[in-house]
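Hi,

Here is the model I promised to pass on.

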Amino acid sequence: MGQLDKNGRRAAGPMKRAILIAMPYTWLLALFLIPFAVVFKISLSDIELSIPPYTPTMKDGLWNMLSRLDFENFVFLTQDDLYWKAYVSSLRIALISTVLTLVVGYPIAYAMARAPEQWRPTLLMLVILPFWTSFLIRVYAWIGILSNEGFLNKFLLWIGLINEPLTILNTNAAVFIGIVYTYLPFMILPIYSALDRLDGSLIEAAEDLGCSRIKAFWLITIPLSRNGIIAGCFLVFIPALGEFVIPSLLGGSGTLMIGKVLFEEFFSNRDWPVASAVAVVLLLILIIPIVLFQHNEQKQAEADT
Amino acid sequence: MPLVDSVFAPWDDSDQKPLIRFRNVTKRFGDFTAIDNLTLDIFAQEFFALLGPSGCGKTTMMRMLAGFENPTKGAIELAGQDIAGVPPNKRAVNMMFQSYALFPHLTVQDNIAFGLRRESRDSNFISERVSEMLKLTRLEKFARRKPHQISGGQRQRVALARSLAKAPKLLLLDEPLGALDAKLREATQFELMDIQEKTGTTFVIVTHDQEEAMTVASRVAVMDEGRIMQVATPEKIYEAPNSVYVADFIGDVNIIPGTAKAAGPDHYEIDWAEGREPLHAISKKDFAEGQSCHLAIRPEKVAIHAEHPAADNAVLGKVLDIAYLGNLSTYHVQLPTGEIIKAQVANTRRVSRRDYTWEDQVWVSWTKTAGVLLDQ
């Protein structure tokens, strides 16, 4: 058996330890790095009317294949302004949606954390409940709500707030609503978990030392839920940036998002190499903020110890 | 302490105006009555202890002083002003929380400066005051640390410094030493008294630890179920409790129930068991003939002998148990009637040479002034 380490636990043998460490790396390799290598390789290839619809392939021999790869498709992305406009528009939509989700989600998380103890599991369940239905069906349901003859317009006409139906469906507004609705639980859960851990006596201490309720919220509650806010924003921003289903179902012809462009390149134009290049650039765009975030967290952790 | 007490005793001076005044205060939470028609005066510069078991209402009283709760009935006055409805941030009262409630995202000095910054004082004043507080609590070296980077005892001092920084009229301490180990607690008690004396602030401390209350406080209020049972100096609470509850709550005590019979001026005979010699006690309080009463005697005032002693009260019994406490030993002596009398003896000799052991026949005795005669 292994020896005891300084904490009195039985230390795992070197073999066991290697297996434990290898597991997440195997996971990373199989589910991310290999698929990414494939996509990256396709992005360096040329379009061809064949199966698969690109050239060269491994059939041409490894050296021959490698020598024929080039960055043509990436150059192409810079030449047609559709692509960078789609990236910028996606970033804008994802950013606005993230802020909106935060504005909607924070009060919900706050109310949940402040709710009586016996209510919290139920409230938590209600937040997760929408996941029990298919995401696609829920987005379709929003068409029924937001269309000109939809429930929302009917209701607003009935209470006399408006005289003619509002055009919401097929605009960016509908996309924002869709994203906020879909990703709200991802915002609520991390913020809730941060607020749940917050010691109520800290707020009382702040009030005791001269803070009004609002001031105590800004000076204590917000900074102490900062990690939850950051985690929630990333969980919303990252998938929203590449979102395809919501803009194609709820958005209009004016909604330009990189997910839609990607889909069209793949399935309408069957231009796998350009589509792959779009995907690689999207990934790079996402990696930069994630790395920055990680770096920041690490520095914070180092400063704290 | 008696010297200090003879000088500082505003509660005996009818000209003194109390700093805090509870006037017929009742606090209910739903059906539960936490505080029941309570009246109490606390004077400036006092170190006042609220002592009682958990659930007796002592924390509710403190939270009412801090402004987190409002009385259901009655009024609380601070320096002559009714403070009902004044929010916590508008009171010249600061509180040191049981959990310390230090802000984990702020450094020690920012924690201390927190209250001062809310008053929009100029930065020179704030930094001066903060370093003054750091010095008072000997935390200069830890000013830039975060709360999780310092020890429990240091955190306790940060909490104290933070609540003192605004120089409140009244400082509330909610079980301030509960989280410290015994040695550190003792040292901190003296530190607290020292700081209280230096700053001249009025302290109200909530505790369930009677020893702590006795050590630090100028006066102690013993509470039970929302009522105050007795308010007095630690010596009076210990030597002259007014009820069996107080006598029993503070320290160790022998309680002998019986009936009183006058036997001279202030002198009573207590019939406590069929066919036994009555016990003798001196009491300033009047008892009617045949009134039921309780005689309370502290174990350290009970002596133990091998032969029948010439004493006011002496009863024969058998040593049932000996609790060895190092400096003292407590003998549990069982009387033939079944009662157990505890007698405390200083261990002036080595244990191997002690005079009495288990099952020995011994006499326990005490003088007629040693006990307190109680009617409830």
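Let me start with a helix pair in chain B: H3(B) passes H4(B) in a right-handed crossing (a crossing is left-handed if the near helix is turned anticlockwise from the far one by less than a right angle, and right-handed if clockwise). Before going on, the housekeeping: this is a predicted model, where local features need pLDDT of at least 70, side-chain atom pairs count only at pLDDT 80 or more, and totals for chains, interfaces and linings use all residues. Residues are numbered from 1 along each chain as its sequence is written, while chains are lettered from A and ligands numbered from 1 in the order in which they are written.

Back to that pair. H3 (108–118) and H4 (123–136) of chain B pack at about 130°, and their axes are 9 Å apart. Axes here are lines fitted to C-alpha atoms, for helices over the stretch in contact, and angles run from 0 to 180 degrees between N-to-C directions. The angle makes H3(B) oblique to H4(B) (under 35 degrees is roughly parallel, over 145 roughly antiparallel, 65 to 115 roughly perpendicular, and the rest oblique). From H3(B), Gln109(B), Ile112(B), Ala113(B), Leu116(B) and Arg117(B) meet Ile126(B), Arg129(B), Val130(B), Met133(B) and Leu134(B) of H4(B); contact means C-beta atoms, placed from the backbone, within 7 Å. By class, this contact has seven nonpolar, one polar and two charged residues (nonpolar: Ala, Val, Leu, Ile, Met, Phe, Trp, Tyr, Cys and Pro; charged: Asp, Glu, Lys and Arg; polar: the others, Gly among them).

Chain B is assigned domain 1 (2–245) and domain 2 (252–374), with bounds from an automatic or database domain assignment. Their C-alpha centres lie 39 Å apart. Four residues of domain 1 touch five of domain 2.

Chain A has 14 helices and two strands (DSSP runs numbered from the N terminus: helices are H or I, at least four residues, and strands E, at least two). Its radius of gyration is 25 Å, well over the 19 Å that the globule rule gives for 305 residues, so chain A is more spread out than a compact globule. That radius is taken over C-alpha atoms, and the rule is 2.2 Å times the number of residues to the power 0.38.

Finally, the interface: 15 residues of chain A contact 17 of chain B. On the chain A side, H9 (200–208) and H10 (213–224) are the elements giving two or more residues, and H9(A) gives the most, with six.

Cheers

Terms used:
Contact = placed C-beta atoms within 7 Å.
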